[in-house]
Amino acid sequence: MTPDDAVADAHRREWGPVLAATVRVTRDLDTAEECVQEAYAQALEAWRTDGVPRSPGAWLTTAARRRALDRVRHADVAARALPLLVTDEAAPDDPEPDRTDLLALVFTCCHPALAEPARVALTLRLLGGLTTFQIAKAFLVPEPTMAARITRAKKKIATARVPYRVPGPAELPERLDAVLTVVHLVLTTGHTAPDGEHLVRRDLVDRALDLARLLRARFPDDGAVAGLLALVLLTDARRATRVGADGSLTRLADQDRSRWDAPMIAEGTTLAKEVLLRSGPGRPASRYALLAAIAAVHCEAPTFADTDWAEIVGLYDVLLAGRPDPVVALNRAVAVGFADGPAAGLEALRPLEAEPRLASYHYLAAARAEFLRLLGHDDEAALAGSEALLLAGNAVERTFLQDRDER
C-alpha cells in the first residue's frame, strides 16, 4: 500500500476515533475537526518520507492532539473553547483511539437541544468524516440545507455546553433512540454508499457494528439496542456476495447464499427472535427489531424463490403502522410486487410518486422500471430506467442500471 493509499484508508477507518479522542482535548468540535484535518495533511507528507507507521490511528491521534494542545494553550482559543464542551475526565495518555470515546461523541451530538435530523447529520459528519454532499444524499435534502443544519448544530452544542460523555440513567431514555438512529444511518450509508466508486463503505459498516456492539454491552436489556445489533449483523452478513469479482453489483436474486456469513446470520436471527418474543401489548417491538425480522426472512430462505414475501409485507405493515416513512413504504411496495405480481407492485408504487422526499430517490424509478419491464411495457420501463440512472450517485449502481438500460 502506498503512503497516499494508507492515508486514504486511515481516513476511512480512523477519522471517527481520532476526532473523538481530539474533542476530549479541545472541548470544541470545530477546533477538533481542524486539528484532525491538519494531522491527515501532515501524515500525507510524513508517511511519504518516513513510511507508513505500524499504527496509523495512534500516529494520527498523537499528531491531532499535539495540534489541539497548541491551540488550547493559545489564550483566545482557550477562552472560547474551554467553557463550551464539558468533559468529566482528563484526556488519556494512551495514543490509541479509545473506542468508548466514540460513544461519548455520538451521545454529545445527539443531545436533546438538537432536532433529530441535526443530531444524525452532525454525528455522521463527525463520526464518519462524510462530506456535506454525501450526508445530504443520505437525507434526501439539498446540500445547502444540510450545510446550514450542521453549522447550526455545532453552534448549539457549543452554546449549550453539552457534556462530552455517555449520559446517566436519568437522561438515557430520551437520548438513546437518537443514538440508535445515528448508528442505523451509518449502517445504511455504508451498506450502499450514496456516491463514489464503491458500492460499500466498509469503514462505516464496521463502525456501525462496533457501535452496536458497544451499545449492546452497555445496555444489555434494551430491546431496541438488541434489535439494532441484529439488523446490523443480518444486513452485513451478505457483504461477500453483493459485488462480483469484477466489481459489478450482484442482485439479491443472483447472490451465492452459501457464501453468506452463517455465524452472523445465526447471531442476528437469534437476537431478532428474542426481541420479538419479548414484545407484546404495551411493549411493541422497535422498528429495528422489525427490520431485523425482515432481514432474517431473507437470510433464512434457501433460495430467492423460497422467500416468504407475504411475511415480509406483513412485517412492513406493522412497521408502517408504528412509524410512517416513505422509504419503508417503497420497500413494502417492492415486496408486494414479489408477493402478488408486478402489476400489484406498480399499483403500490403509484402513491409514492407524489412523495417529495422520494423525488430524487433513484430506487423508486428503478423499482418502477423493473415492474414495467416484467409487464412487457418496454418503452415506459426504459424511460423509468433512464430516470433512475440520472438520479443514482454510486458508480457501481450506475453501471448496473446503465447495463440493464442498454439491454
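My entries follow, with the ground rules ahead of the findings.

**Ground rules.** I am working on a predicted model, where local features need pLDDT of at least 70, side-chain atom pairs count only at pLDDT 80 or more, and totals for chains, interfaces and linings use all residues. Residues are numbered from 1 along each chain as its sequence is written, and side-chain values use heavy atoms, with hydrogens and water left out.

**Cores.** I looked up nonpolar cores, meaning sets of buried Ala, Val, Leu, Ile, Met, Phe, Trp, Tyr and Cys residues joined through side-chain atoms within 4.5 Å; buried is under 20% relative accessible area with a 1.4 Å probe, protein chains only. The largest has 120 residues, and Phe 107 and Leu 215 are among those with the most contacts inside it. Helix 13 (residues 287-300) gives this core its largest share, eleven residues; helices here are DSSP runs of H or I, at least four residues, numbered from the N terminus. I also noted a second, separate core of seven residues, including Phe 400 and Leu 401.

**Phe 107.** Which residues does Phe 107 contact, leaving aside neighbours within four places in sequence? I found Arg 165, Leu 172, Leu 215 and Phe 219 among them, with contact meaning heavy atoms within 4.5 Å.

**Residues 107-157.** In this span, 76% is helix and 0% strand, and the end C-alpha atoms lie 11 Å apart.

Methods. Buried < 20%, exposed > 50% of the residue type's maximum accessible area, 1.4 Å probe, protein only. Helix = DSSP H or I, 4+ residues; strand = E, 2+ residues; numbered from the N terminus.
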